[in-house]
Amino acid sequence: MCATETGGTDSRSTRSASRRSLGLALIFATSAIWIISSFLSAFLVSAHDDRKAAVHPFLLTYLATSLFSLFIPMLWVKKKLGNMLHGTPMSSGPCRQGAHRSEHAGSLRSSFDGIETTVHSMDPIAARKLALHAAAWCVPLWFTAQWTFNVSLSLTSVTSNTILSSTSSLFTFFLSILLLGEVFSSRKLVAIIACIAGVALVTLSDSKSTASASSIQGDMMALLAAAVYAGYTVVMRKCMPGEEAEQHVALFFGYVGLISTVALAP
């Protein structure tokens, strides 16, 4: 009995360590992709003496966000292929239908006055409703954050933009305390102070550059993008809590792309 319990604990610890390692690896990969895309975006939206900007920041944001809508047909194809390979699960009959009704009734409780959502177990219909509702709340924040980020790239350096955009963790922390009940700690306070010091140094450096007015405007837009992105992150987490909701992030972004494509067409 004890050996079984010990084995189960070791197995959970191993899975937890593996998930943490995978998470860190994905963070580093995301950072690398973010930096590369920032240089590419800066090239596209910045005007130089010998050429005009290739694309307006709003249009670039619209095109990039609209591509998320491709997740919807991709998920549909994935589901169909899965059914073909493993067999279509039974979806009819009174027992099955009754189970679906019961799952749906207890799976989702939402009150978007306070943007509260509780997820226990989701059937596909509840998952789609949850993802769509969350996307409707997050689209304005997501699009504004990406647009101001691209505007910043047209006004300041990629280095300044990247450093200032990383302050989203600072804004996320404060919003998490207010909306998610995050616990404040001394270590987090030290990190916040270091973050603020970094922002001050970057802004001071840009204020002494030859194009100081443009650079400072770009820095302010980068900070605005970081703040709005933090709001998007917290609202998304509030709307889609729990590991089961995390399984439907691709569907969420698919709806973000679809809503943006329809509602924000230039």
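The entries below go from the overall layout to single residues.

**Ground rules.** I am working with a predicted model, in which local features need pLDDT of at least 70, side-chain atom pairs count only at pLDDT 80 or more, and totals for chains, interfaces and linings use all residues. Residues are numbered from 1 along each chain as its sequence is written, and side-chain values use heavy atoms, with hydrogens and water left out.

**Layout.** I found 11 helices and 2 strands in the protein. Helices (H or I, at least four residues) and strands (E, at least two) are DSSP runs, numbered from the N terminus. Read from the N terminus, the order is α-α-α-α-β-β-α-α-α-α-α-α-α. Of the 266 residues, 31% count as buried; buried means under 20% relative accessible area, exposed over 50%, and partly exposed in between, with a 1.4 Å probe and protein chains only. I also looked at contacts, meaning heavy atoms within 4.5 Å. Among contacts with a separation of 6 or more, 71% join residues 24 or more positions apart.

**Helix α7.** I checked the length of α7, residues 168-179. After α7 comes Gly181, with a positive phi near 75°.

**Two helix pairs.** Helix α5 (residues 124-153) packs with helix α6 (residues 158-165) at about 150°, the axes being 9 Å apart. Axes are lines fitted to C-alpha atoms, for helices over the stretch in contact, and angles run from 0 to 180 degrees between N-to-C directions. Angles under 35 degrees count as roughly parallel, over 145 as roughly antiparallel, 65 to 115 as roughly perpendicular and the rest as oblique. Phe149, Ser152 and Leu153 of α5 meet Val158, Asn161 and Ser165 of α6.

Next I took α2 (residues 57-66) and α11, which pack at about 135° with axes 8 Å apart. This pair is therefore oblique. Tyr62, Thr65 and Ser66 of α2 make the contact with Val256, Gly257, Ser260 and Thr261 of α11.

**Cores.** A nonpolar core is a set of buried Ala, Val, Leu, Ile, Met, Phe, Trp, Tyr and Cys residues joined through side-chain atoms within 4.5 Å. The largest has 17 residues, of which Cys138, Tyr232, Met236, Met240, Phe252, Phe253 and Val256 touch the most other members. Helices α5, α9 (212-239) and α11 (249-263) each supply at least two residues, and α5 gives the most, with 7. Apart from neighbours within four places in sequence, Phe252 contacts Ala131, Ala134, Ala135, Cys138, Tyr232, Met236 and Met240. A second, separate core of 8 residues includes Val45, Val55, Leu60 and Phe149.

**Single residues.** Leaving out neighbours within four places, Ala135 contacts Phe252, Tyr255, Val256 and Ile259. Its C-alpha atom is 9.9 Å from that of Val235, 100 residues away along the chain.

My last entry is Ser41, in helix α1 (residues 2-45). Ser41 is buried, with a relative accessible area of 15%. Not counting residues up to four places away, Ser41 touches Leu60, Asn150 and Leu153.
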